[in-house]
Amino acid sequence: MGYIDIHCHVLPGVDDGSSNMDETVEMLKIATSQGISDMIVTPHYKQGRVGTPKEVIDRMITEVEKYAALSGISIKLHPGTEIFYNSSLEEKLESGWLATMNGTEHVLVEFSPSDNFQYIRNAIDDLMGLGYQPILAHVERYQCTLAKVENVRDLKRMGCKIQVNASSIAGTLGFKVKLYTKKLLKEELIDFIGTDAHDQKTRKPEIEKCAEVIRKHCSPEYADAILFENAKNDLMI
Ligand SMILES: [Fe+2]
């Protein structure tokens with residue numbers, strides 16, 4: 001098994017991700033060339049705005065894997081969703097309309113960059129109360145967690161899992177974000193890496209440079225854990 005990308009937008013024509021099947025195939029080519037063997041596809045869900053039901057995601061995965069195979073690409077896709085939090089997710093989750101992470105109790109959840117920490121904390125608490133295991137998507141995007149590492153420690157103590165984008169660790173988003181992710185790596189606060197890829201040009205499914213940085217600054221055990229072992233053990237079941 002290669003790297004496991006737990007956060008990406010490769011489904012063709014779905015929300016702001018890949019625009020069509022050709023782009024999807026190109027993105028998958030890039031992903032496999034980067035050593036990625038598995039991707040959890042995570043189209044956006046935002047109540048009243050955007051959302052793709054699990055049954056459609058499943059159908060599209062079959063279709064995409066078929067096209068990928070025709071192009072000689074061997075990659076395994078799994079269903080998921082990047083859920084923009086609201087306080088009435090229960091029905092959509094319980095009914096199975098929303099795809100959790102590969103059918104597990106894990107849910108990838110995101111917030112507005114300016115949401116305050118108490119709101120995010122309460123939301124994580126709410127999801128855990130419903131019996132789900134939240135994974136906070138791109139922790140480096142929120143003002144309240146970026147400004148204060150203690151807030152990330154607090155979420156971890158609550159039992160929340162933390163995802164960081166590969167591009168942030170690689171330094172694509174600038175020095176400040178890179179430095180921040182280095183702090184998180186040093187304290188081993190990160191659980192998962194995702195590419196959060198949206199296209200084949202500017203937000204590509206690249207992970208090699210990030211993996212290099214991780215291997216340089218972390219123990220081999222922790223590097224393996226966040227690059228594939230955690231995803232394999234928690235999400236590939
Ligand atoms: Fe995303």
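Two strands pair if DSSP finds at least two bridges between them. Helices (H or I, at least four residues) and strands (E, at least two) are DSSP runs, numbered from the N terminus. The model is predicted: local features need pLDDT of at least 70, side-chain atom pairs count only at pLDDT 80 or more, and totals for chains, interfaces and linings use all residues. Residue numbers start from 1 along each chain as its sequence is written.

**View 1. Strands β6 and β7 run parallel and are joined by four bridges.**
Strand β6 covers residues 106-110, and strand β7 covers residues 133-136. Val109 stands opposite Leu136 in β7. Three bridges join β6 to strand β5 (residues 82-84), and this pair is also parallel. Here Glu82 stands opposite Leu108 in β6.

**View 2. An open sheet of six strands has parallel pairing.**
The order of the strands is β3-β5-β6-β7-β8-β9. β3 (44-45) and β9 stand at the edges with a single partner strand each, so one side of each has no neighbour in the sheet. Helix α10 (residues 220-235) packs on the sheet and touches β6 and β9; contact is counted when two C-beta atoms, placed from the backbone, lie within 7 Å. The direction of α10 makes about 105° with that of β9. Axes are lines fitted to C-alpha atoms, for helices over the stretch in contact, and angles run from 0 to 180 degrees between N-to-C directions.

**View 3. Both faces of strand β6 are covered.**
A residue is buried if 20 or more other C-beta atoms lie within 10 Å of its own, exposed if 12 or fewer, and partly exposed in between, with C-beta atoms placed from the backbone. In a regular strand the side chains alternate between the two faces of the sheet. His106, Leu108 and Glu110 are buried on one side of β6, and Val107 and Val109 are buried on the other. Five of the five residues of β6 are buried, so the strand is largely enclosed by the rest of the structure.

**View 4. Met39 and Val109 touch the most other members of the largest nonpolar core, which has 65 residues.**
A nonpolar core is a set of buried Ala, Val, Leu, Ile, Met, Phe, Trp, Tyr and Cys residues joined through C-beta atoms within 7 Å. α10 gives the most to this core, with five residues. Leaving out residues up to four places away in sequence, Val109 touches Ile83, Tyr85, Leu127, Pro134, Ile135, Leu136 and Ala137.

**View 5. Helix α2 has a buried side and an exposed side.**
Ile57, Met60, Val64 and Ala68 of α2 are buried. They lie on the same side of α2 because they cover an arc of only 75° around the axis, taken from the directions from the helix axis to the C-beta atoms. The cover over the buried residues includes α1 (21-33), β2 (36-41) and β4 (76-79). On the other side of α2, Glu55, Arg59, Thr62, Lys66, Ala69 and Leu70 are exposed. After α2 comes Gly72, with a positive phi near 75°.

**View 6. Asp15 and Glu188 have positive phi values.**
Most residues other than glycine have a negative phi. Asp15, in the loop between β1 (3-8) and α1, has a phi near 35°. Asp15 counts as partly exposed because it has 17 C-beta neighbours inside 10 Å. Glu188, in the loop between α8 (175-186) and β9 (192-194), has a phi near 55°. With 14 C-beta neighbours inside 10 Å, Glu188 is also partly exposed.
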